[in-house]
Amino acid sequence: VLQTKLSDTGITDIGQIVPYGKYILRQAPLEIFENGFPLTLSRWPNYGFINITNVPSGQRYSTVFQYDSDRPKKWANQSDIWVYGYWYQSWADKAVPIKTLDAQHKTISLAQPTHFGLRAGQTHPGGGYFRFINILDEIDEPGEYYIDRTTGMLYLWPAFSKGLYSSNDVIYGSMINTCIQLTRYTSNVVFENFILEACRHFGIQAQDSSNITIQSMEIRNTGSYNVYCRKDCRNFVISKSYLHDGDGGVTLQGGDRPNLTSSNNFIIDSEISFFSRVTSSDANAITLDGVGGHIEHNVIYRGQYTAIRWTGNDHSIQYNNVFENCMNSSDCGAIHSGKDWAARGTVIRYNHIHHNLQYYYGADVRGVMLDDQYSSVLVEKNVFYNNAGHLNIGGGRDNIVRDNIFFNSTKFSIQVDGRGSSHRNDKSLMNILNKLPYKDKLWMSKYPKLVNILNEHPEEPRGNQIYKNIFYNSGKQYTVKWDPHKPAWFDVHSNIISNSTNDFNFPKLPYADFRTRCALTTFVKSNHLTTPILPDQTGPRYHVGPPFVTPRPSWLLGGSHGNQPSPQGC
């Protein structure tokens, strides 16, 4: 472990750790980076979490709990210890300071409340697990660091240099809050061909801006979102860029929803990865809001929670490769929206959505999650494979799921329900609906099924259609888990279940070639189904990042994987 006094290097503003997590855009203190990569604030456990075993008061909103580890007994005179975890819900994380730690009795008193209270771990629907952070004694592996905020001393274990640095290594800290902040209504600006990094808050921040282009950029190592443009951003384009190691990738809001005026915003031909570096929930790869946004030809992977979270109308989500998300949580969708009857017109098509798996107890992880009565999205011509669950319709209406490949889930292919009958979301749904002119001529012409929704038992998930899809599971997973007594709610017809991997060209990675053959041939021809999209048709089509940056591996971006083996005989 190496050490240096930060003031000797001219660094005096080391900042303070402040709460972060769901509903909070993280404001980082000084963070340390090595040769372009972030180091990790010392923590224990290094991977995974500790269970809460008991809340002694029995009160949900208590701040005192017990845990199941002897590790803190080894720490000597530690102060300013924080804890980070999922305290009650497996989709709501928060970091909070410790008030007192009784290591002998394994009891913690928090200095402030958590989201939704506390509960013991491993209980449905999840939550009740945490880790300790900011502990000097827990610098126990390469890449960890600790800053003593009393003495200003930095301690770190080099990540990649075998314990010793040379003149070729660059070790640096984040000094600026938001690196580039555009004044409100800024327009006609191009950012191109450079690296932007080491920002304690946002990389680039804007509001009500138009005609902004971020092209061939690498934006990395930010305390919050790499790019953040809120309210009414128009013609805002992020293309051919490499965004990574932020606490969120891109937030982009824009367009006039009451008038359904498109924002014409694009996130295209880019790579977004390791995008929830510290925070999980709400630190999405892409948060898209408004009207007429486009998320196309991107590769999005390695996130603790959601990759694409959208709200609003008439968005296009297509030709993306989305994988390995929801890695530290449950009740999560790699592509996710919810609680809106009026958010119609969005299309999810021609994507590869895969390996979004569930590692923690709680509600399900899904490839596409239409949560809490979200209504009227078109999901077509995608390839879903090796997800925990491929897709769910959580009580919404008028959703269409057609012409997709659903291959080998671990829990279910599609899950649908009628949760609106509990009426728990009525207030939120009505608040959104009543703010929109959904009965005027424009809305009636675009979304004719919406105008009479309040007269047609809106709590019922009517008008959903699931047809002309191809399913394969290696075990006994549900194909469509639903209530067969309500066919008007979920019209499931003209689908086929394959019994063999030989019905697909070569479904294994790295090829992921799901073009159909053998027993599926007649079904595909008679139903005029689309040829399943291949990996190299998804993801970026051009060099990602500045031209001087080494090209990203072609296999990662959906490119060629070499000579594909021939499929076996039928």
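This is a predicted model: local features need pLDDT of at least 70, side-chain atom pairs count only at pLDDT 80 or more; totals for chains, interfaces and linings use all residues.

Visitor: Okay, where does UniProt place the "Right handed beta helix" domain?
Guide: The unreviewed UniProt entry puts that feature at residues 181-271 and 277-421.

Visitor: And how much helix and strand is in residues 181-271?
Guide: That span is 0% helix and 55% strand, and its end C-alpha atoms lie 23 Å apart. For residues 277-421, the figures are 0% helix and 46% strand, with the end C-alpha atoms 38 Å apart.

Visitor: Switching topic: what's the strand order in the open sheet of three strands?
Guide: The order is β4-β3-β15, and the pairing is antiparallel. Because β4 (37-38) and β15 (171-173) each have a single partner strand, they stand at the edges, with one side left without a neighbour in the sheet.

Visitor: How many bridges pair β3 with β15?
Guide: Three bridges, with β3 covering residues 32-34. One of the pairs is I32 with G173 in β15.

Visitor: What about the largest nonpolar core, which residues touch the most other members?
Guide: Those are I214, F236, W310, I335, L391 and I414, out of 52 residues in that core. The core draws at least three residues from each of domain 2 (176-302 + 311-319) and domain 3 (325-341 + 359-532).

Visitor: Which residues does L391 touch?
Guide: Leaving out residues up to four places away in sequence, L391's contacts include V368, V379, F384, F406 and I414. There's also a second, separate core of 19 residues, with Y67, I108, L118 and I135 among them.

Notes
Residues are numbered from 1 along each chain as its sequence is written. Side-chain values use heavy atoms; hydrogens and water are left out. UniProt positions are given in the numbering used here, feature names are shortened, and annotations may be inferred rather than shown by experiment. Helices (H or I, at least four residues) and strands (E, at least two) are DSSP runs, numbered from the N terminus. Two strands pair if DSSP finds at least two bridges between them. A nonpolar core is a set of buried Ala, Val, Leu, Ile, Met, Phe, Trp, Tyr and Cys residues joined through side-chain atoms within 4.5 Å. Buried means under 20% relative accessible area, exposed over 50%, partly exposed in between (1.4 Å probe, protein chains only). Domain bounds come from an automatic or database domain assignment. Contact means heavy atoms within 4.5 Å.
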